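Visitor: I have a model open and a few things to ask about it. Can we go through it piece by piece?

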Amino acid sequence: MNPPAASAAAASTLLTGLAPIVSPATVVLILGSFPGVKSLERQQYYAHPQNQFWKILQAVWPEVPLPSGIDSYAQRCRWLLDRGLGVWDVYGACEREGSLDSAIRAPVANDIAGLHLPKLAAIAHNGGESFRHARHTRTLGVPVYPLPSTSPANASWSFERKLAAWREVFAAHQLV
């Protein structure tokens with residue numbers, strides 16, 4: 001019986017993130033840190049039911065209903081792209097147990113500059129771990145914004161306060 005060894009082996013499993021959701025029309029690229037367990041299981045960004053990402057976006061554009069339902073992810077991605085948004089993560093791979101950013105080990109950064117987004121006007125970091133990479137994303141020559149995390153772990157910000165911060169970034173780039 002060797003539980004510590006088994007735990008160490010599980011922790012050393014390299015997790016791979018999700019592909020970017022972008023188009024040549026992407027104006028604001030939203031960067032998270034790395035997908036949580038639910039997102040990796042479903043292969044969908046912000047799949048945890050308590051994550052407020054999709055709820056915040058719907059509140060920014062209430063006049064355009066966000067597709068809902070069990071098979072609506074592809075439509076949600078199209079909806080996001082139609083608003084001029086893109087989504088990716090600063091890490092393409094890492095070791096982690098659970099979903100907390102504080103548990104990320106051995107991260108491998110994504111090649112954000114390699115996306116070649118001709119209309120990119122800003123980068124918005126969803127949360128503190130993502131924003132730790134602002135020194136790199138600033139080299140792309142566009143404004144870089146810290147946004148409050150939409151994660152359920154960020155309970156110190158109310159939904160209304162998060163929404164105001166997100167809306168301000170989108171308004172600065174004429175997306176609302």
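Visitor: Which residues of β3 are buried on one side and which on the other?
Guide: This is a predicted model. In β3, Leu85, Val87 and Asp89 are buried on one side, and Gly86 and Trp88 are buried on the other. Both faces of the strand are covered.

Visitor: How many of the residues of β3 are buried?
Guide: Five of its five residues are buried, so the strand counts as mostly covered, buried being under 20% relative accessible area.

Visitor: How does β2 run relative to β3, parallel or antiparallel?
Guide: Parallel, with five bridges joining β2, residues 28-32, to β3.

Visitor: Next, α4. Which of its residues are buried?
Guide: Helix α4 covers residues 73-82, and its buried residues are Tyr73, Arg76, Cys77, Trp79, Leu80 and Leu81.

Visitor: And what do those buried residues pack against?
Guide: They pack against α3, residues 53-60, and against β3, residues 85-89.

Visitor: What follows α4?
Guide: Gly84 follows the helix, and the phi of Gly84 is positive, near 85°.

Visitor: How many salt bridges does the structure hold?
Guide: Two. One of them joins the side chains of Asp82 and Arg78, at 3.3 Å from N to O.

Visitor: Where do Asp82 and Arg78 lie?
Guide: Both are in helix α4, four residues apart, which is about one turn of the helix. An α-helix has 3.6 residues a turn, so residues three or four places apart point the same way.

Visitor: How accessible are the two partners?
Guide: Asp82 has 48% relative accessibility and Arg78 has 47%. Both count as partly exposed, because that class runs between 20% and 50%.

Visitor: Which side chains meet in the salt bridge at 3.0 Å?
Guide: Those of Glu129 and Arg132, with the 3.0 Å taken from N to O.

Visitor: Are Glu129 and Arg132 buried or exposed?
Guide: Glu129 is buried, at 13% relative accessibility, whereas Arg132 is exposed, at 54%.

Visitor: How does the lining of the largest pocket divide by class?
Guide: It has 14 polar, nine nonpolar and four charged residues.

Visitor: And the second largest pocket, what is its volume?
Guide: About 310 Å³. Of the 16 residues that line the second largest pocket, Arg42, Tyr46, Ala47, Trp54 and Arg76 are the closest to its centre.

Visitor: What classes of residue are in the lining of the second largest pocket?
Guide: Seven are nonpolar, six polar and three charged.

Visitor: What is Thr137 in contact with, leaving aside its neighbours within four places in sequence?
Guide: Leu31, Ile112, Ile123, His125 and Val144. As for Ala113, its C-alpha atom is 7.9 Å from that of Thr137, and the two residues are 24 apart along the chain.

Visitor: Then Leu117. Where is Leu117 found?
Guide: In the loop between β5, residues 105-109, and β6, residues 122-126. Leu117 counts as buried, at 14% relative accessibility.

Visitor: Which residues does Leu117 contact, again leaving aside neighbours within four places in sequence?
Guide: Val22, Ser23, Thr26 and Leu29.

Note on methods:
Residues numbered from 1 in each chain as written. Predicted model: local features only at pLDDT ≥ 70, side-chain atom pairs only at ≥ 80, totals over all residues. Heavy atoms only, no water. Buried < 20%, exposed > 50% of the residue type's maximum accessible area, 1.4 Å probe, protein only. Helix = DSSP H or I, 4+ residues; strand = E, 2+ residues; numbered from the N terminus. Contact = heavy atoms within 4.5 Å. Salt bridge = Lys/Arg side-chain N within 4 Å of Asp/Glu carboxyl O. Nonpolar A, V, L, I, M, F, W, Y, C, P; charged D, E, K, R; others polar. 1 Å grid on protein atoms, 1.4 Å probe; cavity = no way out; pocket = protein on both sides within 12 Å on 5 of 7 lines; lining within 4 Å. Points joined across faces, edges and corners; volume = space filled by probe spheres on them. Pairing = 2+ DSSP bridges.
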